[in-house]
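Have the sequence and the 3D view open as you read.

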Amino acid sequence: MEGTNHLAFILAAYAAACAVVAALIAWVMLDYRAQSAKLAEFESRGMARGAAGRAAMKKAEEDA
Amino acid sequence: MAIVDLANPSRFLRMANPAIPWLGGFTVIAFAFGISQAIMAPDDYQQGATVKIMFLHVPGAWLGMLGWGVMSIAALGTLVWRHPLADVTAKAAAPIGAAFTLMCLVTGSLWGRPMWGTYWVWDARLTSVLVLFLLYLGVIALWRTVEDPSRAARAAAIVTLVGAVDLPIIKFSVDWWNTLHQGASVFRLGAPTIDPSILVPLLVMAGAFTLLFVTLLLAAMRNEILRRRVRALRLMQASVAG
């Protein structure tokens with residue numbers, strides 16, 4: 001049977017596609033967690049971007 | 001809201017944050033439908049069951065090229081209009097486009113062995129797609145090498161626009177040269193040459209992969225905006241400490 005003979009190639013192709021898609025999803029999710037954690041760390045220290053951030057930095061500078 | 005209003009990264013995040021889970025959900029549903037269609041698709045009269053590899057290989061090829069197309073438009077945005085989200089889009093699209101191009105190359109190779117008797121030939125279609133993959137790696141390396149994001153964006157934009165020459169070469173390689181790879185069978189003058197029983201699952205799978213591409217692109221753009229905020233905060237912290 002031709003289909004049976006070529007089953008290994010078909011399965012290998014689907015496994016390779018699954019690996020590529022899984023790697024992309026993992027990369028995006030892990031990166032999001034890492035960047036969110038870094039931003040949360042800055043926020044926990046009272047730092048934020050924009051006017052509020054600049055005010056907080058100025059105050060921190062004055063306190064120092 | 002005008003499309004140009006989305007140029008603001010904060011506004012983009014406000015739209016992307018709720019959109020990403022919804023798009024993810026639609027992607028899962030589309031894949032469930034597409035895979036069921038692919039399983040039920042009949043064997044090809046010449047290629048047998050290996051035709052099922054086409055449901056991965058062809059979307060991989062289309063999205064590999066779409067990724068570079070998105071990067072090319074973003075490159076124009078960076079160089080001409082200095083669009084705030086243009087370099088974010090270009091940087092986010094590069095690894096995704098590279099991954100789909102790799103998927104196209106690997107699945108094509110695994111399809112070629114039983115059908116052509118070889119995993120690889122240096123014909124114009126295969127070689128031009130390999131060149132696209134190498135271009136992706138080059139642009140990713142450029143982004144990682146140049147530390148200043150705006151300088152990296154301009155350099156990557158120039159390489160991207162030069163590399164865009166490869167897209168028509170890929171598309172028309174099977175017409176311009178004598179290749180082992182088959183000619184166009186879906187996007188061609190006249191009707192597609194594929195039987196509807198195979199064409200429909202192919203288009204459904206292509207739609208599912210495109211939804212995945214869009215979802216991943218939005219998520220990667222969100223990550224890149226957050227990364228730039230972290231970088232800005234680090235610089236601000238360093239300037240205070242200094």
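Helices here are DSSP runs of H or I with at least four residues, strands are E runs of at least two, and both are numbered from the N terminus. By that rule, chain A has three helices and zero strands, so in order from the N terminus its elements read α-α-α.

Some housekeeping: this is a predicted model, where local features need pLDDT of at least 70, side-chain atom pairs count only at pLDDT 80 or more, and totals for chains, interfaces and linings use all residues. Residues are numbered from 1 along each chain as its sequence is written, while chains are lettered from A and ligands numbered from 1 in the order in which they are written.

How confident is the predictor about chain A? On pLDDT (the predictor's confidence in each residue, from 0 to 100), chain A has a mean of 80, and 67% of its residues reach 70 or more. Within chain A, H2(A) has the highest confidence at 96, and H3(A) the lowest, at a mean of 51.

Call a residue buried if 20 or more other C-beta atoms lie within 10 Å of its own, exposed if 12 or fewer, and partly exposed in between, with C-beta atoms placed from the backbone. On that count, 14% of the 64 residues of chain A are buried.

Two residues are in contact if their C-beta atoms, placed from the backbone, lie within 7 Å. The contact between the chains takes 29 residues from chain A and 33 residues from chain B. On the chain A side, helices H1 (2-5), H2 (7-44) and H3 (50-63) each supply at least two residues, and H2(A) gives the most, with 20 residues.

The expected span of a helix is 1.5 Å times one less than its number of residues. Here is how two helices compare with that:

| Helix | Residues | Expected span | End-to-end C-alpha distance |
|---|---|---|---|
| H2(B) | 28 residues | 40 Å | 39 Å |

H1(B) has a kink of about 35° at Ala19(B), shortly before the proline Pro21(B); the bend is the angle between axes fitted to the seven residues ending there and the seven starting there. The buried residues of H1(B) are Phe12(B), Thr27(B), Gly34(B) and Ala38(B), and their cover includes H2 (54-81) and H7 (196-241) of chain B. H2(B) is mostly covered, with 20 of its 28 residues buried.

**Two loop residues**

Val51(B) sits in the loop between H1 and H2 of chain B. Why does Val51(B) count as buried? Because it has 24 C-beta neighbours inside 10 Å. Leaving out residues up to four places away in sequence, Val51(B) touches Asp43(B), Asp44(B) and Ile198(B).

Arg82(B) is in the loop between H2 and H3 of chain B. Most residues other than glycine have a negative phi, but phi of Arg82(B) is near 50°. Arg82(B) is partly exposed, because 13 other C-beta atoms lie within 10 Å.

**The core**

A nonpolar core is a set of buried Ala, Val, Leu, Ile, Met, Phe, Trp, Tyr and Cys residues joined through C-beta atoms within 7 Å. The largest one has 70 residues, and those with the most contacts inside it include Ala13(A), Ala90(B) and Leu217(B). H2 of chain A is among the elements that give it two or more residues.
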